[in-house]
Amino acid sequence: MKFRPFRLSLLGVSLLIPAALCAVILFLLIYSGQAFIYNGLGFVWRLTWDLGNLYADPVTVHGISVPLGASYGILVFVVGTLLSSFIAILIAVPLSVGAAIFLAEAAPSKIRPVLSMLVELVAVVPSVVFGLWGVAVLVPFIGRYLAPSGNGYGLLAASIVLALMITPIIATTLLDSLMQVPKENRESAFALGATHFEVVSKAMMPMVRSTLIGGIVLALGRALGETMAVLMVSGGAINILPSSIFSPVSTIASFIVSQLDSAESDPTNMAVRSLAEIALVLFLITLAVNAGAKFLSSGALRVSNRK
Amino acid sequence: MREAPAGLTGISTQGLLIRNALVKLTHKLRRSGVAALALAAAIGITGTAHAATSLVETGSSLLYPLFNLWVPDFTAANPGIQLSTTSTGSGAGIAQSIKGLVQIGASDAYLSDGIMKKNPGMLSIPLAISAQAINYNLPGLNGKSLKLSGPILAGIYSGKITKWNDKAIAAANPGVALPDHVIIPVHRVDGSGDTFIFTQYLAFSTPSWAKTVDYGTAVSWPAVSGGIGANGNSGMVTAVAANPYSVAYIGVSYAAQVEKAGLGVAALKDKAGVYVMPTAANIAAAADSVVTTTPPDERISMIFAPGELAYPIVNYEYAIINSAQSDATTASAVQTFLNWALTSGNDMKYLSKVHFLPLPAAIVTLSKTQIAKIH
């Protein structure tokens, strides 16, 4: 076989990314191994997260040393993560589809580049800036005008902040592909007597369906993993499930970052191992969401067969 | 290029020579574009002319403002030592000091027995005395200091007392028109020394809290509908200010922000049954009452201390130090800093800015004995 240095070096580089991914999974699996044994399968269904008494002598359960009274249950955080992300998607999709269609079809061609650049700019605003805006503006607004309890921190605030962060992601991907719909398709629909609305909804949107789903998956990935902005506005619930859209929640990512500090002072290390187990759960959730969306858009195999 | 050497003004004659050489050099290299590079390298050389011992401090966000006041004066007095500080949280301060990543860990909480068993060489050395206020946002009542007790606060944070006009609160505050409104308890979501000392007050004053939740830097907060979590002391101030009818525990170093937000400060029931405010005199009373009982390793809680007017939520701010440092130079630099902090650093000109109090003389003696163990 011919020796191809260029091809080989590319192979090495392309293998690096999956290798890094495997290394992370392997690390999480090995590191959280003891936590798996101690927590069992109830980990995902239990409601109570308790680091135990870090100031008393550790006890030994099933041969594993843990702090007295430690109980690791993450249902609250799984529910918080899924709810806040899905509500964010519900808010963001109509907004971003509307914005993309406006930019592609209705915006005057002179201001279109300016507007689309502005939308792209919103996508690169650091999340902590959204968090600050949430704390300073959104939370007091919800507290004063919407929430019956007068408390603005919670599921709704987290979802709106997330929605604002992901709207430009969906809008820009959708706008790009709307602009690439062949002129002929558009014009023939007009020639057949379709209204502008029908042209967009019947001739253009079906062509960009898989891009739309791709954009949503990308956005969902960011929403599920968002940490700081959510931590600032979600109200940091623990041991309690949300009862309404105004209830405080916690997401997996924000919970990990808020607990790590205390977990590190656990002499048995079980708290950090359990946090690694939560990280694994978050990883599985994102994986499942991505796989599901790929399946929905059935675009999974399209990348490899270029015509 | 013309302004470039200006950054080097203010250095010694030796530096001046280098500066002249640099100017010549930059003239020569101006066109080649490597002038900036050469300049940067030269600055690097002058910067390391006298090798300084570098110390790193990390941990408690409550201690951080004090360290910020200390560092410029300490390094001015000890040019041979470089000290950098970061605010990460007490848990991180403890963990990184044990791992040897930093020389000084800052913590509001002393090391637990579990950690001491695993790392017998670790020291908990008090640097100053701090306290915590219970703040609330009750429209119309923030000017009055509401009287609260450990059992009342435990009731609020465990969901047994849900309204401000609950009879337990009313009994402690006769004559105050308490609103018929749901209480919003606010707690810290991050690992926090403030959570540690607050939950310790509840645990020491209320047996049922000790049996269920107990104390720690992050506890398993009972499910209270409407209770919220906030991030950091500043997040607590924001959350209470934004939510009328809420209550929170906030470190005294944030007293200025609390006052600016117009929040109320509660008088707390001490061990003698008297309601006391977090004044300097009452905090000092609590500190004085544990001076004689402080053990040689200085790991002791000052929470709910005995004494007629002892404010119940008072604590030592600790430096968490590994007694075995990497080398003798580092060890002596750490000792120099700690001894400075206990003497010059305990001056009220630093402490009063963050509402801390100096250590009593007997505690300074104990701390110095511990500092002598560092090698």
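Biologist: What should I know about numbering and about which features count here?

Modeller: Residues are numbered from 1 along each chain as its sequence is written, while chains are lettered from A and ligands numbered from 1 in the order in which they are written. As this is a predicted model, local features need pLDDT of at least 70 and side-chain atom pairs count only at pLDDT 80 or more, whereas totals for chains, interfaces and linings use all residues.

Biologist: OK, new topic: why is strand S4 of chain B called largely enclosed?

Modeller: Of the 16 residues in strand S4 (residues 122-137) of chain B, 15 are buried, so the strand is largely enclosed by the rest of the structure. Buried means that 20 or more other C-beta atoms lie within 10 Å of the residue's own, with C-beta atoms placed from the backbone, and strands are DSSP runs of E, at least two residues, numbered from the N terminus.

Biologist: And which way do S4(B) and S12 of chain B run?

Modeller: S4(B) and strand S12 (residues 314-322) of chain B run antiparallel and are joined by 9 bridges, and B:Ile129 has B:Tyr316 as its bridge partner in S12(B).

Biologist: What about S8 of chain B?

Modeller: Strand S8 (residues 246-251) of chain B is also antiparallel to S4(B), with 6 bridges, and there B:Gln132 stands opposite B:Gly251.

Terms used. A residue is buried if 20 or more other C-beta atoms lie within 10 Å of its own, exposed if 12 or fewer, and partly exposed in between; C-beta atoms are placed from the backbone. Helices (H or I, at least four residues) and strands (E, at least two) are DSSP runs, numbered from the N terminus. Two strands pair if DSSP finds at least two bridges between them.
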